[in-house]
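Subject: Structure handover

Hello,

Here is the structure I said I would pass on. My notes on it follow below.

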Amino acid sequence: MKKVLINHLLEPGNKISGISNYLFYLLNSLLENKQYEFVLLTCWDERSLPKMLQNRGLEVITKPYIESMPKNILNQVFSVPKIIKQKYIDLEFNPDPVGCFIGKVPLISVTHDLYFDIAPKKYKFHHRLWWKIFFPLTLRRAKYNICVSKNTQNDLVKFYPSANNKTRVVHESACLNGLKVEKQRKNYGLFVANVSPNKGVETLIKAMAKLQEQNVDCEIYHIGRDDNGYFEFYANKLNVEVSPTKLGYLSDEELIERYCEAKFLAFPSLYEGFGLPVLEAQKFGLPVIASDIKVLNEVAGEGALYFDKDDATIFANHMKKMISDNIFFEQYSLLAINNASKFSWNKAAVETIDIFRIATNMEIK
């Protein structure tokens with residue numbers, strides 16, 4: 001049996017991040033494969049891991065979290081090779097795009113997006129600096145690099161042409177376990193995101209202002225964080241008094257209820273690596289109104305209405321149509337469910353295991 005070390009040290013302990021969510025759902029399906037034994041090197045306490053990963057034969061090694069990326073990576077350079085030797089590891093899997101950039105065993109890394117290359121001016125200098133130093137080093141060491149979408153793969157090859165022959169696309173799936181709840185649909189929309197420069201907040205605020213001008217009653221609820229005050233900034237910039245109602249973080253059960261009660265998910269992103277809330281919403285029959293960018297066409301498929309990423313008028317019209325026309329809503333609700341069914345973590349795990357087999361010279365089944 002081959003042993004895989006999962007290097008999860010770059011993510012904070014006992015606190016869900018996007019990459020941790022990705023890893024935990026993928027790992028839940030990877031553990032079904034009996035040809036590989038998994039060792040999770042993490043900052044999480046074993047008892048705090050999701051229940052779906054507990055009592056599954058997963059070996060867990062917990063280390064303190066180091067917030068500074070350069071210190072974290074340098075610590076990995078010294079500690080990870082020792083663990084690989086001690087545990088007789090055959091393969092290292094890094095769910096982050098950066099990590100330990102030296103090692104004698106094959107490395108499989110994951111690229112979720114290339115925000116720092118696509119729109120560098122929107123991010124702080126030191127964040128861009130660490131990316132420019134550590135991502136190429138990790139990418140060079142990796143035997144294969146998994147991209148979560150075809151669009152991310154295209155971006156990767158554009159900015160790092162030398163990676164062309166080592167990239168593989170493995171789509172994600174919805175990170176919510178639970179059944180659809182029978183709820184009466186209400187005339188409101190959801191905006192699910194930790195707000196950052198790429199999330200299209202300005203267009204969202206403009207569209208909400210246009211609905212207000214038309215006396216259309218359509219509340220938008222924000223689920224996630226807005227630590228930098230983007231809603232207030234753009235409302236002030238546009239001199240309007242509309243903004244999404246903040247709900248903060250919700251439990252999985254509460255989020256599922258919202259997906260089953262709302263009329264649409266507003267997703268006006270300027271760029272994305274994948275767009276996971278799209279599939280979460282669609283899984284529960286919630287249509288998506290998304291900016292017309294390649295990655296969202298790839299992920300949302302026919303289960304979404306699209307608008308030019310700067311066209312707040314069409315965005316507002318789509319929202320108005322979705323809450324006012326029940327037949328139209330039901331049509332897109334069915335399309336949403338059908339599209340989400342094309343993605344699964346079991347499929348992602350099978351495709352990931354195939355990459356493991358190639359990297360460890362095992363026959364692909």
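A residue is called buried when its relative accessible area is under 20%, and exposed when that area is over 50%. The model is a predicted one, and the values below are computed from it.

R141 first. This residue lies in helix α4, which covers residues 125-141. Its relative accessibility is 15%, so R141 counts as buried. The R141 side chain comes to 3.0 Å from the backbone oxygen of V105. V105 is also among the contacts of R141 once neighbours within four places in sequence are set aside; the others in that list are E92, C100, F101, I102, G103, P106 and L107.

Next, strand β11, residues 264-267. F264 and A266 point to one side of the strand, L265 and F267 point the other way, and all are buried. Strand β8 (residues 188-192) runs parallel to β11, and two bridges join them; in this pairing G189 has F264 as its bridge partner. Strand β12 (residues 288-291) also runs parallel to β11, here with three bridges, and L265 is partnered with V288.

Last, the cavities. How many cavities of 30 Å³ or more are there? The count is one. The volume of the largest cavity is about 30 Å³. Its lining consists of E302, L335, N338, N339 and K342. Sorted by class, that lining has two charged, two polar and one nonpolar residues.

Regards

Methods. Residues are numbered from 1 along each chain as its sequence is written. This is a predicted model: local features need pLDDT of at least 70, side-chain atom pairs count only at pLDDT 80 or more; totals for chains, interfaces and linings use all residues. Side-chain values use heavy atoms; hydrogens and water are left out. On a 1 Å grid over the protein atoms alone, a cavity is a set of points where a 1.4 Å probe fits but cannot get out, and a pocket is an open set with protein on both sides within 12 Å along at least five of seven lines; lining residues have an atom within 4 Å of a point. Grid points are joined across faces, edges and corners, and a volume is the space filled by probe spheres set on the points. Ala, Val, Leu, Ile, Met, Phe, Trp, Tyr, Cys and Pro count as nonpolar, Asp, Glu, Lys and Arg as charged, and the others, Gly among them, as polar. Helices (H or I, at least four residues) and strands (E, at least two) are DSSP runs, numbered from the N terminus. Buried means under 20% relative accessible area, exposed over 50%, partly exposed in between (1.4 Å probe, protein chains only). A polar contact is a pair of N or O atoms within 3.5 Å; within protein, one must be able to donate a hydrogen and the other to accept it, and residues adjacent in sequence count only if both atoms are side-chain atoms. Contact means heavy atoms within 4.5 Å. Two strands pair if DSSP finds at least two bridges between them.
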